[in-house]
Amino acid sequence: MNLDDIITIPDPKLRERSKRIGHIDESTRRMARDMIAATLDWEASREHEFGAALAAVQVGQMDRLVVIRDDFDDKANKSFSVFINPEIVKAEGEPTEELEGCLSVKDIYGSVNRYPKVKVKALNLDGQPVRVTATGFLARVFQHEIDHTNGIVFVDRVDNPRKLFRLESDGKFTALNPTETPTKS
Ligand code: NI
């Protein structure tokens, strides 16, 4: 897979719930590998952006599987972790707003409220249960990706069009013209 396999809004699939994965096999592993390849290919095409994570729905597969970068600070580190049927079991702290982007929402960033700490349970590619306590940016990424598995795109959580920005080719953000505001489903 490459960046062309990544679907973008308003593709209706992005507003559908994905299905739980009941059986992990070679096709599951292949899907994860394909998603990682697509994310890295996308990143290589985007001078000012970082491919932090991807949910299977973003390559049109309605399965509850997400891949998350292991190191958000080092583009040279291209390793990812795979989370199958991920669920937030506990969210803690006062939600805070930070700018967020998405591979399925081209050039648009928006301020979204997210919890600073979440406990996540999931399965790994071997089918073993994993539990992660995530804080900071990783907590935000889990909330964003698990939203994808539930058919929610970050722009659906932006409560004011003034909180949306366009990433320009020089890497700077500009205010979004109200007429180009992405529509909710
Ligand atoms: Ni996204």
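Trainee: In this predicted model, which residue forms a salt bridge with Arg114, the closest N and O atoms being 2.7 Å apart?
Mentor: The pair joins distant parts of the chain, since Arg114 belongs to strand β5 while its partner, 14 residues away, belongs to strand β4 (residues 96-102). Both residues are buried. With 2.7 Å between the closest N and O atoms, the salt-bridge partner of Arg114 is Glu100.

Trainee: Which residues are linked in a network of salt bridges with Glu100 and Arg114?
Mentor: By the rule applied here, the structure holds a count of 15 salt bridges, and the contact between Arg114 and Glu100 was described above with its 2.7 Å separation. The network that contains these two residues also takes in Arg140, Asp147 and Arg157.

Trainee: Lys106 and Asp107 form a salt bridge; is Lys106 buried or exposed?
Mentor: The closest N and O atoms of the Asp107 and Lys106 pair are 3.5 Å apart. Asp107 counts as buried because its relative accessible area is 17%, under the 20% limit. For Lys106 the relative accessibility is 56%, which is over the 50% limit, so Lys106 is classed as exposed.

Trainee: What separates the closest N and O atoms in the salt bridge of Glu26 with Arg33?
Mentor: Glu26 counts as partly exposed because its relative accessibility is 39%, and Arg33 is likewise partly exposed, with a relative accessible area of 48%. These two side chains form a salt bridge whose closest N and O atoms are separated by 3.1 Å.

Trainee: In which helix do His144 and His148 both lie?
Mentor: His144 counts as buried at 6% relative accessibility, and His148 counts as buried at 1%. The two histidines are 4 residues apart, about one turn of the helix, and the element that holds both of them, spanning residues 136-149, is helix α2.

Trainee: Which residue in β8 stands opposite Tyr109?
Mentor: Strand β5 (residues 105-114) pairs with strand β8 (residues 164-167) in the antiparallel sense, over 3 bridges. Within this pairing, the residue of β8 that stands opposite Tyr109 is Phe165.

Trainee: Which residue takes a positive phi in the hairpin of β8 and β9?
Mentor: Strand β8 is also joined to strand β9 (residues 173-175) by 3 bridges, the two running antiparallel, and Leu167 stands opposite Phe173 in β9. The hairpin has 5 residues between its strands, and the residue there with a positive phi near 90° is Gly171.

Trainee: How many bridges join β3 to strand β6?
Mentor: Strand β3 (residues 80-92) pairs in the antiparallel sense with strand β2 (residues 65-69) over 5 bridges, and Ile68 stands opposite Ser81 in β3. Turning to β6, the bridge partner of Glu92 in that strand is Lys117. Strand β6 (residues 117-123) runs antiparallel to β3, and the number of bridges joining them is 6.

Notes. Residues are numbered from 1 along each chain as its sequence is written. This is a predicted model: local features need pLDDT of at least 70, side-chain atom pairs count only at pLDDT 80 or more; totals for chains, interfaces and linings use all residues. Side-chain values use heavy atoms; hydrogens and water are left out. Two strands pair if DSSP finds at least two bridges between them. Buried means under 20% relative accessible area, exposed over 50%, partly exposed in between (1.4 Å probe, protein chains only). A salt bridge is a side-chain nitrogen of Lys or Arg within 4 Å of a carboxyl oxygen of Asp or Glu.
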